[in-house]
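I open a page for this model.

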Amino acid sequence: MVLLQPLTTTSPQSSESTGVAQKFTALRSQLAKHKIDAYFVPSADEHLNEYLPEAKQRRQWISGFTGSAGDFLIGTNQAWVFVDPRYYEQADMQVEAKLQKVCKVGLEDHQTVEEVLEELGSNAAKQEKTFRLGIDPFTITISQYRRFFDRLNASGVEIVPILENLVDTVRSQSPWAESEPIPTFGDQPVIALPEEITGESLAKKLERVREALGKKKAAILPVTKLDQIAWLYNLRGRDVECNPVFISYAIVTVTDAYLFTNTSRIDEAVRQSLAGQVQILDYEQYLPTLRSLVADHQPVLVAAPQTTYGTYLQLKSVKAKITDGDNPIETFKSHKNAVEIAQMQKANLKASWAKTLTIKWIEEQVAAGNVISERDVAHKIEGLYKQQEGFIDLSFPTIAGTGANGSIVHYSNPNPACKLINGDLLLLDSGSQFYGGTTDDTRAMSIGEPTAEQRDRYTEVLKSHINCAMQRFPKGTTGSQIDGIARSSLWQSGLDYGHGTGHGVGVFLNVHEGPNGISKRVNQSLDLGTINSIEPGYYQPKWGGIRLENLYFVKEVKQESPKSEGDNSHKTPWYEFESLTYIPFDKKLIDRDKLNPQQIAWLESYYAAVIEKLSPLLTEAENAWLEQACSF
C-alpha cells in the first residue's frame, strides 16, 4: 500500500492554505470559462495509473491531499475530497477544512461523490437549471462514466467532457508555471526482458491475445494500462516512481501490433526484441492510428473498467463497432507461469533476508539503549535491499510508523524526529523491485516490553493472517469469500480493519495489480498461479497500528483418493496458498494461549520454513538470533 508523496503529519499552515485557495480561485475561473458548475478530478491519469508520474499528480497538486487514492470535486462555492478508510486520518491532517470538505466514504454521515452530485443536481433542477459537471474523459474509465451517468441523469446532471485538462491549464499559468512547473515525463530508458525472466516469448503472448480476440469476434484491442503493455511486450521502464513501467499506449490487431511511446528513448536492443512483431510509433500517434484502424468497421474489443472514456469517445466519433469484454491481457498477466513464480521466490527471499536483519538490528539498538528514528529504520532496510544482487528500486516508499503514526495506514516519509520509544509499536511496511521480481511485506513489532492490550490485538491480527493463509478452497472461490474467512476471528472479538485483506502483485511490475485480490469488493476468483498479499490489520488513532503481511501464490492441492464410491469432490481442483515471504513474527506480542492447535501447527511449520530458507544466507550469530526469534 503506497503513498507517492510525503505525508504532512501536522495541520496545514496558513501559507499552504493560501496557496490552495489561490489554486481554487484559478480553477473556478476555468469553470466559468467552460460554463460548468463543477469539475471532477480523480486520482488516475490518462493510463488509469494508481501510481502517477509527478506531472500527472493533479488531485494531489490542486487539493494538497497526497494519498495514493481519493477523488476531488470543486464547485463554484465548495470543494470536496473523497477518501476511503485507509486515508480518513491522513486526509484530516492534510486538508484545510475551511476550503474543502473531507468525505470519508463508508461512514454513514459522509457522502460519496455521486451523492454530492445528485444533491447539487437536484438543487439546480429546483431552480429550473441544468447542473453541468466537467470531466477530463481521458482520466476516467468507461465503467466510471456509465456509473456517473446512470446515477446522475435522473438528478438532471449533464456530464460535459472537456479534452483540455483544467488542472493542467491552471498549473501552466503564472505563478505556478514558474514556482511549480509541470515536470517532464516519459523520457526514461526502456529495457527488454529475456524469456529466461518472463517465461514466455512476445510471439506466444501475442498469439494468445489474438486467440482471445477471435473468441470475442473482435479484431482490434486498444491497451491503455502501462503494466499490461509492459507485460505483453516483455519490456520495463522507469517513468513512474517505484513501478517499472513506461508511458505508452498499445494496439493489438489480428495481424499487427503497435507501441506508442517516446521513440527517442527506444534503443537498438529494444527495437530488436520487437522486430517483425511490433511497430514502434510516437506517443501522439495512438489516437490517429486507432481511428484509422477502425475505419473499415472491424470490431474493437473494449474493456470498460480498463479503457478511458476518452478512447471510447474517439471510437464513437468514427462509428466504430464496439464489443464489450474483459481485456485478455489482464487475465493472462495475473496467472504467473513457473518461471515467474521462481523469479518471485528469489526476489522475496532477498526481501525476507533484508526485513529479518532489520528487525534484528532494531532489537539490538533498543536493547543497547540507542535512540533511533523512523527514518533510521527506513534507511536500514533500504540499505539492505540495495546490497542484494539485481536490486532496481523500492516497490513503494517505505512505511515506518512508530507509535501513533502506525495507525495511519499509508503513512510515508518516515520522520527523523519520530523516535522509537519504549512501550510503542513500530509498523514497518516495505517492498522492493528486483530484476525479475516484486516484493511487499509488513511486520509490526514492540519496542521494549509490550502491554497486554498490544499482545491481545497483535495475536488477533496474527490469527486472522494464519486463518487466511492456511485456508484451502475449491476452484472458483472469490477474493470476497476469502476476505470474510480472514476477518471472521477478528469480528468475533469485535475488531475489523478498513482496507482489503490482500491485493494482487505483479512480477517485476506494479506492487498492486488486478484483477485478483482478497477484498469485500473483489468478486474475481483466486486462480491458479495468482499472487496475493495477505495483510489483516488493526488501527487505533493515537494508539498505533498493527499489520502482518506476506505474499502468497496459489497452487493446486495434491488430490486425494475418493473417500467413498460416488464421491466426486476429487474431480474439483482444490487450491491453497504457498508463502513467498519468510520473516519471523514478534514473539513478544504472541499470546500462544489464544491460538488453537491448527494455528500453532501452521506457525511452527512456517517458522521451520523461515529457518530453512534464511539460514544459508546468515552468519552463525545471525542464525543463533533467528532460532530464538522463531521459538515461541
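Which residue stands opposite alanine 38 in S5? I find leucine 133 there.

I note the ground rules. This is a predicted model, so local features need pLDDT of at least 70 and side-chain atom pairs pLDDT 80 or more, while totals for chains, interfaces and linings use all residues. Residues are numbered from 1 along each chain as its sequence is written, and side-chain values use heavy atoms, without hydrogens and water.

**Sheet.** I took helices (H or I, at least four residues) and strands (E, at least two) as DSSP runs, numbered from the N terminus. Strands pair if DSSP finds at least two bridges between them. S1 (residues 38–41) and S5 (residues 131–135) pair in the parallel sense, over 2 bridges. I read the order of the open sheet of 6 strands as S4-S3-S2-S1-S5-S6, with mixed pairing. S4 (101–104) and S6 (157–161) stand at the edges with a single partner strand each, so one side of each has no neighbour in the sheet. The twist averages 25° from one strand to the next. Helix H5 (residues 142–152) packs on the sheet and touches S1, S5 and S6 (contact: heavy atoms within 4.5 Å). The direction of H5 makes about 155° with that of S6 (axes are lines fitted to C-alpha atoms, for helices over the stretch in contact; angles run from 0 to 180 degrees between N-to-C directions).

**Helix H9.** I checked which residues are buried (under 20% relative accessible area, 1.4 Å probe, protein chains only). Leu202, Lys205, Leu206, Val209, Ala212 and Leu213 are. Seen down the axis of H9, they fall within an arc of 120°, so they line one face of the helix (the arc is that of directions from the axis to the C-beta atoms). Lysine 217 follows H9, with a positive phi near 55°.

How values were computed: Buried means under 20% relative accessible area, exposed over 50%, partly exposed in between (1.4 Å probe, protein chains only).
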